[in-house]
Amino acid sequence: ELRTLLASDLPGELHWLTWLSLCTGARLNELCQLTTEHVRLTGTKHIYFGPDLRLKTARHTGSSIRSVPMHPELETLNFVEFVKTCETNSAKRLFPDLVQHKSGRYSDAPSKAFRRHLIALGLKRKGLSFHCLRHTFAAEFRRVAPRE
């Protein structure tokens, strides 16, 4: 299913949102809020999920604030060049066309678009959603870096 999804023509923002989720394990709403300032290109390239973002865990605990090293696949796919093109928009958001839902999240529209894309590919089944990409990341991470 993952091979089919990644080989498909992911429309609009879903291209980068899908790859970012697979390479960072981040939640969809976290990714939708990113700006060029969250993508750190000096030193060790990484994505910073800072306190200015609406993160899953309550802000006062700080447990969701993190830096995730940039996966080499993102560089291979020209993510750095994509980020540099985003520096020209006024808000410097990576996904400026995403509209904030009345719930405060930016992820509502991409979540629905992802579901429609799965249906178009014939992949949609119960339990398969964008959030599964996060679990795929976690499973792969555990496979290559098992706990002692």
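Me: A polar contact is a pair of N or O atoms within 3.5 Å; within protein, one must be able to donate a hydrogen and the other to accept it, and residues adjacent in sequence count only if both atoms are side-chain atoms. Which backbone oxygen does the side chain of Arg 93 reach at 3.4 Å?

Reply: That of Leu 98; the side chain also reaches the backbone oxygen of Phe 95, at 3.1 Å. This is a predicted model, where local features need pLDDT of at least 70 and side-chain atom pairs pLDDT 80 or more, while totals for chains, interfaces and linings use all residues. Residues are numbered from 1 along each chain as its sequence is written, and side-chain values use heavy atoms, without hydrogens and water.

Me: Where is Arg 93 found?

Reply: Arg 93 is in the loop between helix H5 (79–86) and helix H6 (108–121). Helices (H or I, at least four residues) and strands (E, at least two) are DSSP runs, numbered from the N terminus.

Me: Is Arg 93 buried or exposed, and what is the nearest side chain of opposite charge?

Reply: Side chains of opposite charge can pair when their charged atoms come close. A salt bridge needs a side-chain nitrogen of Lys or Arg within 4 Å of a carboxyl oxygen of Asp or Glu. Lys and Arg count as positive, Asp and Glu as negative; His and the chain ends are not counted. Arg 93 is buried but has no salt bridge, and Asp 97, the nearest side chain of opposite charge, is 7.8 Å away. Buried means under 20% relative accessible area, exposed over 50%, partly exposed in between (1.4 Å probe, protein chains only).

Me: How many salt bridges does the structure hold?

Reply: Five. In one of them, Lys 45 meets Glu 75, with the closest N and O atoms 3.0 Å apart. Lys 45 lies in the loop between strands S1 (39–40) and S2 (46–49) and Glu 75 in helix H4, so the pair ties together parts 30 residues apart in sequence. Lys 45 is partly exposed at 27% relative accessible area, and Glu 75 is partly exposed at 35%. Another bridge joins Glu 30 and Arg 27 at 3.6 Å, N to O; Glu 30 is buried, at 1% relative accessibility, whereas Arg 27 is partly exposed, at 23%.
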